[in-house]
Amino acid sequence: MDAAASEIEFDMPGVLRMYKDGRVERFDGTQTVPPSPSGDPANGVVSKDVVLDPAAGISARLYLPPCVEPGKKLPVVLFFHGGAFLVHTAASPLYHRYATSLAAAVPAVVVSADYRLAPEHPVPAAYDDAFAALRAVVAACRPDGAEPWLAAHGDASRVVLAGDSAGANMAHNAAIRLRKEGIEGYGDKVSGVVLLHPYFWGKDPVGGESTDAGYRGSFHGTWEFVSAGKLGLDHPCVNPLASPEEWRQLGAGRVLVTTAEHCWFVERARAYAEGIKKCGWDGEVELHETDGEGHVFFLPKPDCDNAVKELAVVTDFVRRC
């Protein structure tokens, strides 16, 4: 056997391992659940898997609340799952349950988009897929749109970009790109952006962030791995604090940032909420921080009191967008 077959190139314990011969093993985010075309037993939300853009290869799981009146328009939440850009899909049990709960609570049409994962497809592939998904969703919300649920019920004037962790990073970057490029027939702003425990980082610590070289090195190494070493630690995609002139171009009228006391990125979330007010962006920002919890706690513990509160905050924000 070739020695490279067993020699490790990158290892995130319990999540993913890549060997020097290019072989990749995933240990997390591999389980999937089917959609619920007859309605979720808990809340009646129906769901289906669709291809939003065959040419770009953009697929998604769509969620529609129960008993929607014919022709009634609802806000559209375009959601990007987390997983360090490395693992999970829209069909992962954690994300299926979250999207179902969000669709029922708002109520809204939720589009949980899949995207290409690193290391097979390094960042910025995920960013390209996120923006392609946004273009496809906007087009599908037109009366003659190709996707029936979005054509009948999607309100293109109330589109919210959302995601958790790496997915929140993607939502931020999709909104930046929207302001720069715009979408023909739509414009250059969505109604809102929801950043749930966003994955942002940087070369130097901010606030009370750890200064331990080993701790920081693990996060440095992960970003270098998912971006194939092509995007530095202070690139605007991962550290908006370092590029206020880019940051102020966020294409949204309002932003909600959520985080938790023990989240790995809590200082970044606080700095984002504070800094976006100062960088020249002309929207409204809200920050919701949960005491005593860790990174994306609401996914594995959806029924705990703090998760219920966080979902209520997100629900209220989307309703106001």
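User: Let's start with His-197. Where is it found?
Analyst: His-197 is in the loop between β9 (192-196) and α5 (213-226). Those labels are DSSP runs numbered from the N terminus: helices are H or I with at least four residues, strands are E with at least two. Bear in mind that this is a predicted model, where local features need pLDDT of at least 70, side-chain atom pairs count only at pLDDT 80 or more, and totals for chains, interfaces and linings use all residues. Residues are numbered from 1 along each chain as its sequence is written, and side-chain values use heavy atoms, with hydrogens and water left out.

User: What's its phi like, and is His-197 buried or exposed?
Analyst: His-197 has a positive phi, about 50°, although it is not a glycine. His-197 counts as buried, at 0% relative accessibility. Buried means under 20% relative accessible area, exposed means over 50%, and partly exposed is in between (1.4 Å probe, protein chains only).

User: And Cys-67, buried or exposed?
Analyst: Cys-67 is exposed, with a relative accessible area of 81%. Cys-67 also has a positive phi, about 55°, without being a glycine. Look for Cys-67 in the loop between β5 (58-64) and β6 (74-80).

User: New topic: which peptide bonds are cis?
Analyst: One joins Val-106 and Pro-107, with omega about -15°. Pro-107 belongs to the loop between α1 (93-105) and β7 (109-113). Another runs from Val-123 to Pro-124, with omega near 25°; Pro-124 is in the loop between β7 and α2.

User: How many residues are in the largest nonpolar core?
Analyst: That core has 108 residues, and among those with the most contacts inside it are Leu-52, Phe-85 and Val-255. A nonpolar core here is a set of buried Ala, Val, Leu, Ile, Met, Phe, Trp, Tyr and Cys residues joined through side-chain atoms within 4.5 Å.

User: Which helix gives the largest share?
Analyst: Helix α2 (residues 125-140), with eleven residues. Domain 1 (1-30) and domain 2 (36-320) both contribute residues, so the core lies between them. The domain bounds come from an automatic or database domain assignment.

User: What does Leu-52 touch?
Analyst: Leaving out residues up to four places away in sequence, its contacts (heavy atoms within 4.5 Å) include Ile-58, Val-111, Ala-136 and Leu-150.

User: What does UniProt list for 77-298?
Analyst: An unreviewed UniProt entry lists "domain: Alpha/beta hydrolase fold-3" there. In residues 77-298, the end C-alpha atoms lie 18 Å apart, and the span is 37% helix and 20% strand. UniProt positions follow the numbering used here, feature names are shortened, and annotations may be inferred rather than shown by experiment.
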